[in-house]
Amino acid sequence: MSFNKKGYLVIKEAIPKELAIFVYNYFLVKRQVSKTMFDEKYIAPFETIMGLPNGDEQVPGAYAHYGDIAMDTLMLRVQPIMEKKTKMKLIPTYSYARIYQKGSELKRHKDRFSCEVSTTMNLGGDNWSIFIEPSGKENKKGKKITLNPGDMLVYKGSELEHWREPFDGDECCQVFLHYNNAETPGSEKNMFD
């Protein structure tokens with residue numbers, strides 16, 4: 001069944017596992033640098049450079065970074081793979097990475113316009129399944145998908161509910177890569193969000 005009919009697809013080994021682990025380790029180091037800069041008040045505001053050491057409103061406590069250069073580079077690297085699999089011309093909008101920790105939870109939600117075609121990619125740490133409701137109907141049980149480092153789930157982020165149940169591992173690093181379908185009105189003005 002095609003991406004357009006199903007609403008999601010899993011791409012195994014979208015990037016080599018070694019690259020996923022490299023990016024995971026990079027992000028772990030960046031989290032520590034961010035925490036040190038925040039705790040020692042080296043610069044302010046540093047959020048745009050180093051990320052949010054204490055998380056965001058959606059997942060408090062999970063280090064997060066919008067538009068990290070390495071993650072944006074990854075977004076551009078997997079774009080041709082996604083275009084081939086989805087049979088769509090895509091416009092990159094933004095990346096958002098997090099290091100989740102024990103107890104983190106991602107509540108059921110749909111995303112904004114910039115997340116029309118989204119992916120979550122496992123970069124490393126303990127596995128943590130994501131749930132997606134491919135029927136588009138709210139409050140259904142959903143489909144559980146577990147990804148290994150380098151695997152990614154591609155889904156219609158602004159149409160389908162998706163979530164993660166409370167995390168029982170130590171930490172898990174995921175990056176969300178978001179795109180618009182080039183044929184969607186308004187998408188041409190939304191490149192890099």
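Analyst: Start with the naming. Helices are DSSP runs of H or I with at least four residues, strands are runs of E with at least two, and numbering goes from the N terminus. Take Met191: its place is in the segment after β10 (171–181). The model is predicted, so local features need pLDDT of at least 70 and side-chain atom pairs need 80 or more, while totals for chains, interfaces and linings use all residues. Residues are numbered from 1 along each chain as its sequence is written, and side-chain values use heavy atoms, without hydrogens and water.

User: Is Met191 buried, exposed or partly exposed, and what do these words mean?

Analyst: Buried means under 20% relative accessible area, exposed means over 50%, and partly exposed lies in between (1.4 Å probe, protein chains only). Met191 has 47%, so it is partly exposed.

User: Now go inside. Which residues touch the most other members of the largest nonpolar core?

Analyst: In soluble globular proteins, nonpolar side chains tend to be buried together. A nonpolar core is a set of buried Ala, Val, Leu, Ile, Met, Phe, Trp, Tyr and Cys residues joined through side-chain atoms within 4.5 Å. The largest one here has 29 residues, and Met121 and Leu123 touch the most other members. At least two residues come from each of β1 (8–11), α2 (17–40), α4 (69–86), β3 (90–101), β5 (117–125), β8 (152–155) and β10. A second, separate core has 16 residues, including Tyr8, Ile145, Leu147 and Cys172.

User: What is Leu123 in contact with?

Analyst: Contact means heavy atoms within 4.5 Å. Skip the neighbours within four places in sequence, and the partners of Leu123 include Ala20, Ile21, Met71, Pro149 and Val175.

User: Where is Val175 found, and what does it touch?

Analyst: Val175 is in strand β10. At 0% relative accessibility, it counts as buried. Leaving out residues up to four places away in sequence, it touches Met71, Leu74, Tyr96, Ala97, Thr119, Thr120, Met121 and Leu123. For scale, Val175 and Glu83 are 92 residues apart in sequence, and their C-alpha atoms are 18 Å apart in space.

User: How many aromatic pairs are there?

Analyst: A pair of aromatic rings is described by the distance of the centres and the angle of the planes. Rings of Phe, Tyr and Trp (its six-membered ring) pair if their centres lie within 6.5 Å; planes under 30 degrees apart are stacked, over 60 edge-to-face, and the rest tilted. The count comes to 6. Phe27 and Tyr63 make a tilted pair, 5.0 Å centre to centre, with 45 degrees between the planes. Phe27 lies in helix α2 and Tyr63 in strand β2 (residues 63–66), so the pair ties together parts 36 residues apart in sequence. Both Phe27 and Tyr63 are buried. Tyr100 and Trp128 are edge-to-face, at 4.7 Å and 70 degrees. Tyr100 sits in strand β3 and Trp128 in the loop between β5 and β6 (130–132), so this pair ties together parts 28 residues apart in sequence. Tyr100 and Trp128 are buried too. One aromatic cluster is formed by Tyr26, Phe27 and Tyr63.

User: How many salt bridges are there?

Analyst: A salt bridge is a side-chain nitrogen of Lys or Arg within 4 Å of a carboxyl oxygen of Asp or Glu. There are 7 by this rule. Lys30 bridges to Asp68, with the closest N and O atoms 2.3 Å apart. Lys30 is in helix α2 and Asp68 in the loop between β2 and α4, so the bridge ties together parts 38 residues apart in sequence. Lys30 and Asp68 are both buried. In another bridge, Asp56 meets Arg98, at 3.0 Å between the closest N and O atoms. Asp56 is in the loop between α3 (47–50) and β2, and Arg98 is in strand β3, 42 residues apart. Asp56 and Arg98 are buried as well. Lys89 and Glu83 also form a salt bridge (3.9 Å, N to O). Lys89 has a relative accessible area of 55%, so it is exposed.

User: What is the phi of Glu13, and what is the phi of Lys87?

Analyst: Most residues other than glycine have a negative phi. Glu13 is not a glycine, yet its phi is positive, about 50 degrees. It sits in the loop between β1 and α2. With 65% relative accessible area, Glu13 is exposed. Lys87 is not a glycine either, and has a positive phi of about 60 degrees. Look for Lys87 in the loop between α4 and β3. Its relative accessible area is 71%, so Lys87 is exposed.
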